Number of protein chains: 2
Amino acid sequence: MRNCIVAQSGGPTSVINASAIGIFEKNEELKYYDKVFAGLNGIEGILKENIINLCELDKESVHGLKYTPSSGLGSCRYKLKSYEQSKEEYIKLFEILEKNQIKTFFYIGGNDSMDTVHKLSNYAKEHSIDIKFIGVPKTIDNDLPIMDHTPGFGSAAKFIATIALENSLDASVYETKNIFIMEAMGRDTGWLAASSCIATLNGEPAVDLIYLPEIPFDTNKFLKDVENKLKEKNRLVIVVSEGIRTAEGVFLGEMQSNAGYDKFGHAQLGGVCVYLKNLITENGICKKVRAVELSTLQRCAMHFASQTDIDEAYESGAFALEYSIEGESGNMIGIRRIQNNPYKSEPFAVHTSKVANTIKYFPKEWINAEGNNVTKEAYDYTLPLIMGEPKIKYENGLPKYVFLNERKK
Amino acid sequence: MRNCIVAQSGGPTSVINASAIGIFEKNEELKYYDKVFAGLNGIEGILKENIINLCELDKESVHGLKYTPSSGLGSCRYKLKSYEQSKEEYIKLFEILEKNQIKTFFYIGGNDSMDTVHKLSNYAKEHSIDIKFIGVPKTIDNDLPIMDHTPGFGSAAKFIATIALENSLDASVYETKNIFIMEAMGRDTGWLAASSCIATLNGEPAVDLIYLPEIPFDTNKFLKDVENKLKEKNRLVIVVSEGIRTAEGVFLGEMQSNAGYDKFGHAQLGGVCVYLKNLITENGICKKVRAVELSTLQRCAMHFASQTDIDEAYESGAFALEYSIEGESGNMIGIRRIQNNPYKSEPFAVHTSKVANTIKYFPKEWINAEGNNVTKEAYDYTLPLIMGEPKIKYENGLPKYVFLNERKK
């Protein structure tokens, strides 16, 4: 008996399930593993033996997951400590894996999850245990190094650009001066906010000002930017990253009352848009300002996901399955851009040690001299990643999504 | 020379342009009016002679408006006073209309705009002026009486239900208890929030609790509802109307800091979801609560509008044009539901005096006994209105929307 297991970790995306189904369906084709297990709620669930056999589930449900957003296998934010710090956990985990005759563990996640893959792979090698650990990338933040981009980013980018576009029209209806401020996720990096540059109306950018964490935020400069733009036109659309901060490193989101920290000690950001709205109104620059935090909407909007992103997420999973047969444990899959026009990409393997705990920032060269927008390079980089409308199924006028009954509680 | 003019007023919707194009294209077919003018920024713009001839514009742009959200002709929030109060304005307006040989004025809007149609029509009759005033309905709030529903509602409902559905999946990924609260528009009525009942996952409702302005809000009852539901399941999705208020009539949105009043003296609502989030966390019922105000997103999400809604908005416009030939001034178009399965509707004419300044509330019989959700009747009512995916054009991975160059500034 030769089995494998797949699990998902970290914040969900629209296409994280496509990667899981890529793994599952590639095995249906190759028949390399006897069973494809799923660990529910990541490593945390596996430690509780919360494991199901995907091959035994209703086929339609499993296939429906490909076009269902959010971690269909559940997720966790569980940072595995070093072996020295939590010996018992390692022993228990490997007992469970060996009991289920698991030869390969696929973990779909971001930086933190790749750190887990790295640690477990090292442990297995040091203890001569014949189990491979393979990482599959996932994050809307697009902040993993080495690879061109991450599955999940394109769909979030497409939603952000679409909402920016539609709301620039909404903001245009009255003659009174007004501002629409939209806050995107992305933690310490500006990839998501920058992606709003894709939105154009009659060939002109729909977004007027973009502020990213890669450039220190200067309140006076910001107010001046807004004031100047409002002289040119009646309506402004401003897009900001949740992670923008001052030169002293103070997050604007922390200046709002609702801030906190998550389990990994990452600051829980948000509320930046409201802070900026108040700055504008309190300084008498514009009375009518709407502030919208896109929140979780941007990471689960499968109804308008990028088909390119869905396809690449699926391919990353399928490639991971194939790679696991001869490939080396401790590696993860990345995506390489071969050419831009027509767009072509391919998956490749890279060691998790090169990716884990490292952040890929938005390139400073792609930010304009004023530090309040992005350049043509950002547009050209992002455009191919958002292409294609999702081939989702509909039921009663809404997308037909799947929730695995095994997860009910 | 026999011309007509069309203008838009009040808050935009995804399909308000479809009504304008319905008027324009029906005239292209019937050739009844020589010119179809558009008044930019509603009655306010017409008073400034901000008028363009739609027949002279680029045909592709005009047709592209049908699938472009938000008031493509601009809008205003201008409440026309009585003749006694603003004689000069009436005289000036009619001078402009007569100068342009306008025989029919089509005004697309909600309650306030229908009041304008009513006043102008009366003035024309009293002064034996041969100009007809015809209203075309528009409001996402769905609060116009007499008619079954209003163009704009179905598309907003579809977006709200989709976002509720996707975020119920997003909220399900972790094992920790968590709550997603979403705030819909709708002013004093609960139609929009109630429409989230359409969202289902594996046949079960995706939304757990729905609070509407039609039922007085009781803080203790609310906290009890949430506490009880959290005993049954780990994740909750709650949808609330911006207009919910206590038995004493205090808007919850006013308890937040950002409240204000618009020009008509309507309270500017919002921030209800943050208020409820704080209620839940401060009372120790759940630590992890996300609050999202859908804000303007729900009224311009053409990328996932209801094709049924687009078609009905277009038909309302086309019918208004036809009706104007023999019909009576001071009337407006409504939509009558003929049957539900298969769904069939038809436009009809009704006098604006029956509609203006009157609000159609969400039926209390469609609210459950606990006052925290809606019944099967609400589901059956809403479902046909959200059906069909929009036939929009795409360009560079995003919907191809049109912004009239004539409105640039």
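Asn17(B) has its place in helix H1 of chain B, which spans residues 16–30, in what is a predicted model. With a relative accessibility of 1%, Asn17(B) counts as buried, because buried means under 20% relative accessible area. Leaving aside residues up to four places away in sequence, Asn17(B) touches Gln8(B), Leu65(B), Thr68(B), Pro69(B), Ser70(B), Ser71(B), Gly72(B) and Leu73(B). Leu201(B), by contrast, lies 184 residues from Asn17(B) along the chain, and the C-alpha atoms of these two residues are separated by 33 Å.

Several of the residues touched by Asn17(B), among them Leu65(B), Thr68(B) and Pro69(B), also belong to the lining of the largest cavity. A search of the whole structure finds 1 cavity of 30 Å³ or more, and the volume of the largest cavity is about 30 Å³. Its lining draws on chain A through Leu169(A), Ser172(A) and Val173(A), and on chain B through Leu65(B), Thr68(B), Pro69(B), Ser70(B), Ser71(B), Gly72(B), Val402(B) and Arg407(B). Sorted by class, this lining holds 5 nonpolar, 5 polar and 1 charged residues.

| Property of chain A | Value |
|---|---|
| Secondary structure | 11 helices and 17 strands |
| Box filled by the C-alpha atoms, along the principal axes | roughly 70 × 45 × 45 Å |
| Buried share of the 409 residues | 64% |
| Accessible surface | about 14,900 Å², 47% of it from carbon and sulfur atoms |

The radius of gyration of chain A is 22 Å, which agrees with the value near 22 Å that a compact globule of 409 residues would have. Among the contacts in chain A with a separation of 6 or more, 77% are accounted for by residues 24 or more positions apart.

Within chain A, helix H9 (residues 272–282) has 8 of its 11 residues buried, and it is therefore largely enclosed by the rest of the structure. The buried residues of H9(A) are Val272(A), Cys273(A), Tyr275(A), Leu276(A), Lys277(A), Asn278(A), Leu279(A) and Ile280(A). Which elements of chain A cover the buried residues of H9(A)? The cover includes strand E6 (178–184), helix H8 (219–232), strand E10 (235–241) and strand E13 (288–293), each of them in chain A. After H9(A) comes Gly284(A), a residue whose phi is positive, near 65°.

How values were computed: Residues are numbered from 1 along each chain as its sequence is written. Chains are lettered from A and ligands numbered from 1 in the order in which they are written. This is a predicted model: local features need pLDDT of at least 70, side-chain atom pairs count only at pLDDT 80 or more; totals for chains, interfaces and linings use all residues. Side-chain values use heavy atoms; hydrogens and water are left out. On a 1 Å grid over the protein atoms alone, a cavity is a set of points where a 1.4 Å probe fits but cannot get out, and a pocket is an open set with protein on both sides within 12 Å along at least five of seven lines; lining residues have an atom within 4 Å of a point. Grid points are joined across faces, edges and corners, and a volume is the space filled by probe spheres set on the points. Ala, Val, Leu, Ile, Met, Phe, Trp, Tyr, Cys and Pro count as nonpolar, Asp, Glu, Lys and Arg as charged, and the others, Gly among them, as polar. Helices (H or I, at least four residues) and strands (E, at least two) are DSSP runs, numbered from the N terminus. The radius of gyration is taken over C-alpha atoms; the globule rule is 2.2 Å times the number of residues to the power 0.38. Buried means under 20% relative accessible area, exposed over 50%, partly exposed in between (1.4 Å probe, protein chains only). Contact means heavy atoms within 4.5 Å. Accessible areas come from the Shrake-Rupley method with a 1.4 Å probe; for residues, only the protein chains shown count as cover.
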